[in-house]
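Subject: Structure for you, with notes

Hi,

Here is the structure we talked about. My notes follow below it.

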Amino acid sequence: MKFSTRAERIEPFYVMEVAKEAQQLARAVAGSREPMIFLNIGEPDFTAPPAVAEAAERAMRAGQTQYTNALGLDALRERISGWYAERFGLDVPARRIVVTAGASAALQLACLALIEAGDEVLMPDPSYPCNRHFVSAAEGRAVLIPTTAKERFQLSAAKVEAAWGPKTRGVLLASPSNPTGTSIAPDELRSIHEVVRARGGITLIDEIYLGLSYDEAFGQSALAIGDDIISINSFSKYFNMTGWRLGWMVVPDAMVAVVERLAQNLFICASTISQHAALACFEPGSIAEYERRRAEFRARRDYFIPALQELGLAVPVMPDGAFYAWADCTQAAHKLGVAGSWDFAFELMRRAHLAITPGRDFGTADTGRFVRFSTANSMAQLQESVARLRALIG
């Protein structure tokens, strides 16, 4: 069977390849004293609050299961608009908000609407692998620009300006970022956008972890910079609705009709039940619960990262958001007699029954010595993970 060159360009998602291996081993050690602990997948251990689940049940009982408008329920778009006003002090009109089948659908729609074959999109290295594959699927090319700890593993205006070429269409950023949990300083982000805007380009930013910011210096939406920013967001992370497959995007007025036309053809609409459920996310009781959980995520970060540092797993930049630790495993790998993050991850899996993610997925700029730990797990599980790491490499 002959497959498209487009499909052949998409690399494996190594996070999921490692997860498959971890699941197989987990079955073998399920009854042992050390069952598998999963710190490899970026999925909150919390689920949707009761009010959200109850809203889904009410929608089903009421027969509210037909297609919605491709742009999403008007009531949900209004509530998202209200969240921007209450949380960030921003006036983001509901007419510019498009509800999507997860942030993945939003990124696909944005790329299909904006990228021509051969266009280049600048991205930081390291960065979330699927983001660059959305560019590739739209016949564009992701250009990864190496970043450093001093830059918080984010692009700078100077690097964007230096890398801009005749085929450059714009930038695709993430703040806070997966895998590093670091954000772009607002002033630097504004400077990046000025470089992009001056060249007639697009600034596309993944803000799916924005709700899980822990530092007021960074916890601001890029939408404050201008109406020409395109922001991607999701109900998966802060709102703990990963499997509900619901997200949204904020686009300039001129882009709404184009995205609507694409969404009508490609998705019809996001899940109707999920949309009705998500209305309850913005109730005061739900927001209070999400804020309690955000504090718990921060407490996990504050415990886990210093523990990694003590064990020689250096985290060069303290994450200011999300639930990840981007750690240099060079010293720890040497203790186990292996080289590089790939072998180190599998060695931890076999010897400590601890699943983590090697850096291979996230780029090529020195990622071979980094691993990503997910702290989207209970404190008890994180404490047990530290105990196992200490016994193995301490």
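Start with the seven-stranded sheet. It is open, its pairing is mixed, and its order is β2-β8-β7-β6-β5-β3-β4. Two strands pair if DSSP finds at least two bridges between them. Helices (H or I, at least four residues) and strands (E, at least two) are DSSP runs, numbered from the N terminus. The edge strands, β2 (97-100) and β4 (141-146), each pair on one side only. From one strand to the next, the twist averages 25 degrees. Axes here are lines fitted to C-alpha atoms, for helices over the stretch in contact; angles run from 0 to 180 degrees between N-to-C directions.

Before you read on, two points on the source. This is a predicted model, so local features need pLDDT of at least 70 and side-chain atom pairs count only at pLDDT 80 or more, while totals for chains, interfaces and linings use all residues. Residues are numbered from 1 along each chain as its sequence is written, and side-chain values use heavy atoms, with hydrogens and water left out.

β6 and β7 (residues 230-234) run parallel, joined by three bridges. Leucine 204 has isoleucine 230 of β7 as its bridge partner. On to β8 (residues 247-250): β7 pairs with β8 in the antiparallel sense, over four bridges. There, asparagine 233 stands opposite tryptophan 248 of β8.

β7 is mostly covered, with five of its five residues buried. Buried means under 20% relative accessible area, exposed over 50%, partly exposed in between (1.4 Å probe, protein chains only). Ile230, Ile232 and Ser234 point one way from β7. Ser231 and Asn233 point the other way.

Leaving aside neighbours within four places in sequence, isoleucine 202 is in contact (heavy atoms within 4.5 Å) with Leu114, Arg169, Gly170, Val171 and Val196. Methionine 241 is 39 residues from isoleucine 202 along the chain, and their C-alpha atoms are separated by 29 Å.

The axes of α5 (residues 102-114) and α9 (residues 253-266) come within 10 Å and cross at roughly 115 degrees. On the α5 side, the contact is made by Leu109, Ala110, Leu112, Ala113 and Leu114. On the α9 side, it is made by Met255, Val258, Val259, Leu262, Ala263 and Leu266. By class, that contact has 11 nonpolar, no polar and no charged residues. Ala, Val, Leu, Ile, Met, Phe, Trp, Tyr, Cys and Pro count as nonpolar, Asp, Glu, Lys and Arg as charged, and the others, Gly among them, as polar.

Several α5 residues are buried, including Gly102, Leu107, Cys111 and Leu114.

Last, the other sheet. It is open, with three strands in the order β9-β12-β11 and antiparallel pairing. β9 (324-328) and β11 (357-358) each have a single partner strand, so one side of each is left without a neighbour in the sheet. Five bridges join β9 to β12 (residues 370-374) in the antiparallel sense. Aspartate 328 stands opposite phenylalanine 370 of β12. Helix α11 (residues 284-310) lies across β9 and β12, and runs at about 5 degrees to β9.

Best wishes
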